[in-house]
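The sequence and the model are shown first.

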Amino acid sequence: SAVLLPESIKKLNGIEPNKGLYLEGYTCTIGTDKYNLGLSQRRADAVRKYLKNRGLSILSALGKGKSTLFPNMPLNRRVEIFEKKENGS
């Protein structure tokens, strides 16, 4: 689902103001590619909305579906957050 859990909110509350964040949403392999792409976008959008409401700058929020699977994370249900680097990327 794309609902923020209490433990996720606690982690998001720990993010300090920044120069900008990039968000990438992911899903597990259950379901169709089309469904997972939409779900991963909804996950990224949920985090974007929460962080923007806290006043943080979100540069992009992109759903990546079930790509980038990690062997030690069989469910891969996550949103990754990257900070804008000093050189502008």
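## Polar contacts of Arg78

In this predicted model, the side chains of Arg78 and Asn76 are joined by a polar contact of 3.2 Å. Arg78 also has a polar contact with Glu80, again between side chains, at 2.8 Å. The two contacts are listed below.

| Side-chain pair | Polar contact |
|---|---|
| Arg78 and Asn76 | 3.2 Å |
| Arg78 and Glu80 | 2.8 Å |

Arg78 lies in strand E3, which spans residues 78-83. Is Arg78 buried or exposed? Its relative accessibility is 11%, and Arg78 therefore counts as buried, the cut-off being under 20%.

## Overall architecture

The chain contains two helices and three strands. Read from the N terminus, these elements follow the order α-β-α-β-β. Within this order, E1, H2 and E2 form a β-α-β unit, and the unit is right-handed. Strands E1 and E2 run parallel and are joined by five bridges. In this pairing, Glu24 stands opposite Leu62 of E2.

## The nonpolar core

Which residues make up the largest nonpolar core? This core has ten residues, namely Leu12, Ile15, Leu21, Leu23, Ala44, Val47, Leu51, Leu56, Ile58 and Ala61. At least two residues of the core come from each of strand E1 (21-26), helix H2 (33-53) and strand E2 (58-63). The element that gives the most is H2, with three residues. The three elements that supply the core in this way are also those of the right-handed β-α-β unit.

Apart from neighbours within four places in sequence, Ala61 is in contact with Leu23, Gln41, Ala44, Asp45 and Arg48.

## Burial and surface

Of the 89 residues in the chain, 28% count as buried. The accessible surface of the chain amounts to about 5,900 Å². Carbon and sulfur atoms account for 57% of that surface.

Terms used
Residues numbered from 1 in each chain as written. Predicted model: local features only at pLDDT ≥ 70, side-chain atom pairs only at ≥ 80, totals over all residues. Heavy atoms only, no water. Core = buried A, V, L, I, M, F, W, Y, C linked by side-chain atoms within 4.5 Å. Buried < 20%, exposed > 50% of the residue type's maximum accessible area, 1.4 Å probe, protein only. Helix = DSSP H or I, 4+ residues; strand = E, 2+ residues; numbered from the N terminus. Contact = heavy atoms within 4.5 Å. Polar contact = N/O pair within 3.5 Å; in protein donor to acceptor, adjacent residues only side chain to side chain. Pairing = 2+ DSSP bridges. Right-handed = clockwise from strand over helix to strand, strands pointing away. Areas by Shrake-Rupley, 256 points an atom, 1.4 Å probe, with all protein chains shown as cover.
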